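Open the model in your viewer and keep the selection tool at hand. We will go stop by stop.

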Amino acid sequence: MTEDPAAKIAARLDEIWRRSRPTVLERMTVLRSACEALALNLADADARTHGREAAHKLSGTLGVFGLPQGTQLASSIEDLLLASDLLTREDLASLRNQIAELDAVIATRLDD
Amino acid sequence: MSRRVLIIDDEEDIREVAALSLETVAGWDVLVAGSGAAGIAKARENHPDAILLDVMMPGMDGPTTFRELRSLPETADIPVILLTAKVQAADQKRFSDLGVVKVMFKPFDPLVLAQEIAATLGWQEI
C-alpha cells in the first residue's frame, strides 16, 4: 500500500521538529540576551545583529513546523532590529513583549 | 522524468524538510549541502537540474555562492532559486540583477514546494 505523501510528510515533520527544538530554544536565548544587552545600551550594534540573525532564522523555520504565528512574530522582531534608526525605550518594550509572545507560541509545541 | 535538485542551506532542519518535500511529493533526487563551498563542489560534481540556495549563510552567503556558480563553466547554466526568510527592497533589486530565476520565501509549505519549483522552471511532470 502506498503511503499518503501528506501523512508521510506530517510524520517526518514531527520527527524533525523534535530534533530541532534545542536549536529553536537556543535562538530564543540569543534573542533574550540581545534584548538584555540592548536594555543596557540601546546602541549596542552587536546585540542588534545577533538578535536580528536569530529572529531571521526563527522566522524561516517556525512556519514550516506549523507555527505561522511564530514566523510572524519573529519577522516583526527582525524588522524592529533591522530599522536603521537608533532603538528607543518604546522599541525595547515592544521587543520584550514580542519575545514573550514568541516564547508562548513556541511553548505550544514543546510537548509534542 | 526524474529531476535532480541540489539544496544549499546551512540550516539542517530546512535542508531536511525541503529534501523530504521534493522526494516525497515530486519523486525527485535530492542532493544537499550545508555551505556555499560544499554546494559548489556538489554542483560541479553532479550537475543538478536546479539549485535551491539559501541567502543568509555564514561564510559564503547565497549571492556570493551564486556568483561563483555562474563563473564556473560546469555550473553556469544551472537554474538557481534563492530561498530566504525576508527580503528588503534593496535586496530584491540586487537579487534580480544577479540573474537568479526566482526568490522564494521561507517558511515554505512542504506540500507545495515542489509544485512551486516546477512551475518556476517550467517543469510539467508534477
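Predicted model: local features only at pLDDT ≥ 70, side-chain atom pairs only at ≥ 80, totals over all residues.

Which residues in H2(A) are buried? Select Ala47(A), Arg48(A), Gly51(A), Ala54(A) and Ala55(A) to begin.

Now check the length of the helix. Helix H2 of chain A covers residues 45-62, which is 18 residues. At 1.5 Å a residue it should span 26 Å, and its end C-alpha atoms are 26 Å apart, so the two agree.

Next, show what surrounds H2(A). Its buried residues pack against helix H1 (5-40) and helix H3 (68-82) of chain A. Helix H1 (12-26) of chain B is also a packing partner.

Move on to the largest nonpolar core, which has 55 residues. Select Ile77(A), Ala18(B), Leu22(B), Ile51(B) and Leu53(B): these touch the most other members. H1(B) gives the most to this core, with 8 residues.

Zoom in on Ile77(A). Setting aside neighbours within four places in sequence, Ile77(A) is in contact with Leu31(A), Ala55(A), Leu95(A), Gln98(A) and Ile99(A).

Last stop: where the chains meet. The contact takes 19 residues from chain A and 17 residues from chain B. On the chain A side, H1, H2 and H3 each supply at least two residues. H1(A) provides the largest share, 8 residues. Colour that side by class: it has 7 nonpolar, 8 polar and 4 charged residues.

Methods
Residues numbered from 1 in each chain as written. Chains lettered and ligands numbered in written order. Helix = DSSP H or I, 4+ residues; strand = E, 2+ residues; numbered from the N terminus. Expected span 1.5 Å × (residues − 1). Buried ≥ 20, exposed ≤ 12 C-beta atoms within 10 Å, placed from the backbone. Contact = placed C-beta atoms within 7 Å. Core = buried A, V, L, I, M, F, W, Y, C linked by C-beta atoms within 7 Å. Nonpolar A, V, L, I, M, F, W, Y, C, P; charged D, E, K, R; others polar.
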